[in-house]
Amino acid sequence: MVDLFVDRVLVKNNKDQDELDTEREITMRLQNRILMLFFASAACESCQEFAPTLHDFFKRLTDEFYVDRAAQLVLLYISLDQSEEQQESFLKELPKKCLFLAYEDPYRRELEAMFNVEELPTVVVLRPDCSILIPNAVEEILRLGTDCYRNWQEAAEIINRNFLINEDFEEKSMRSFSDPVRRLKYKVEDEKKKKK
């Protein structure tokens with residue numbers, strides 16, 4: 001995950017727009033987390049309609065008011081706006097804990113091409129290793145709400161290191177009754193199959 005944004009400057013969506021510009025800061029923010037790349041534009045009407053839903057989705061998973069412990073989730077807004085003013089106005093609709101790339105950064109367009117973004121809004125969900133979990137999760141977020149995060153978490157096999165002891169890492173078992181179905185949907189390969 002971190003490799004995708006090394007030598008880049010990520011900006012926090014807060015009042016001061018603090019920059020994460022060192023490799024250490026970026027690593028601390030992105031390591032062992034699911035990353036949602038939100039491609040949108042202020043000029044896009046469907047993006048304007050989806051923004052409050054995404055804001056609520058992200059807030060319910062990361063705000064301690066709603067959950068005991070924030071989800072291992074990062075939201076990164078990739079602006080496809082025509083002007084910096086449009087980007088600034090759209091950022092007001094997004095959560096304060098989200099990150100974004102500066103308007104001047106040409107990497108925004110590179111990411112758009114890298115992930116084949118053809119429609120707006122698009123939410124590309126990435127595993128911690130930068131592989132694509134879902135090419136566009138907009139419909140899933142609208143349909144399932146915060147429940148889809150658990151599916152992503154299990155499919156990405158994120159380790160919740162705060163509560164596991166060393167022995168728990170050795171023997172991985174199925175996490176839920178629906179784990180086999182989830183593994184098929186998100187194309188998660190078993191380690192045994194990889195070895196063959």
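**Salt bridges and their helices**

A: E112 and R109 join their side chains in a salt bridge, with an N to O distance of 3.1 Å. The term denotes a side-chain nitrogen of Lys or Arg within 4 Å of a carboxyl oxygen of Asp or Glu. The model is predicted, so that local features need pLDDT of at least 70 and side-chain atom pairs count only at pLDDT 80 or more, while totals for chains, interfaces and linings use all residues. Residues are numbered from 1 along each chain as its sequence is written, and side-chain values use heavy atoms, leaving out hydrogens and water.

The two partners are three residues apart in helix α4 (residues 107-114), which means a separation of about one helical turn. Helices (H or I, at least four residues) and strands (E, at least two) are DSSP runs, numbered from the N terminus. R109 is partly exposed, with a relative accessible area of 37%; buried means under 20% relative accessible area, exposed over 50%, and partly exposed in between, with a 1.4 Å probe and protein chains only. The buried residues of α4 are Y107, R108 and L111. They cover an arc of only 110° around the axis and therefore lie on the same side of α4, where the arc is that of the directions from the helix axis to the C-beta atoms. Their cover includes β3, β4 and β5 (99-101). Just after α4, N116 takes a positive phi of about 50°.

A further salt bridge joins R60 to D56, whose closest N and O atoms are 3.2 Å apart. Both belong to helix α2, and because they are four residues apart, about one helical turn separates them. R60 counts as partly exposed at 38% relative accessibility, and D56 is likewise partly exposed at 34%.

Helix α2 covers residues 45-62, that is 18 residues; at 1.5 Å a residue it should span 26 Å, and its end C-alpha atoms are 26 Å apart, which agrees. The expected span is 1.5 Å times one less than the number of residues. The helix bends by about 30° at A51, and the proline P52 follows within four residues. Here the bend is the angle between axes fitted to the seven residues ending at a position and the seven starting there. Its buried residues are C47, F50, A51, L54, F57, F58, L61 and T62. Among the elements covering them are β3 (34-40), β4 (73-79), α3 (84-91), β6 (122-126), α5 (138-144) and α6 (147-156). A contact means heavy atoms within 4.5 Å.

R150 counts as partly exposed at 46% relative accessibility, whereas E154 is buried, with a relative accessible area of 5%.

The protein has nine helices and seven strands, and buried residues make up 42% of its 196 residues. Of the contacts with a separation of 6 or more, 65% join residues 24 or more positions apart.
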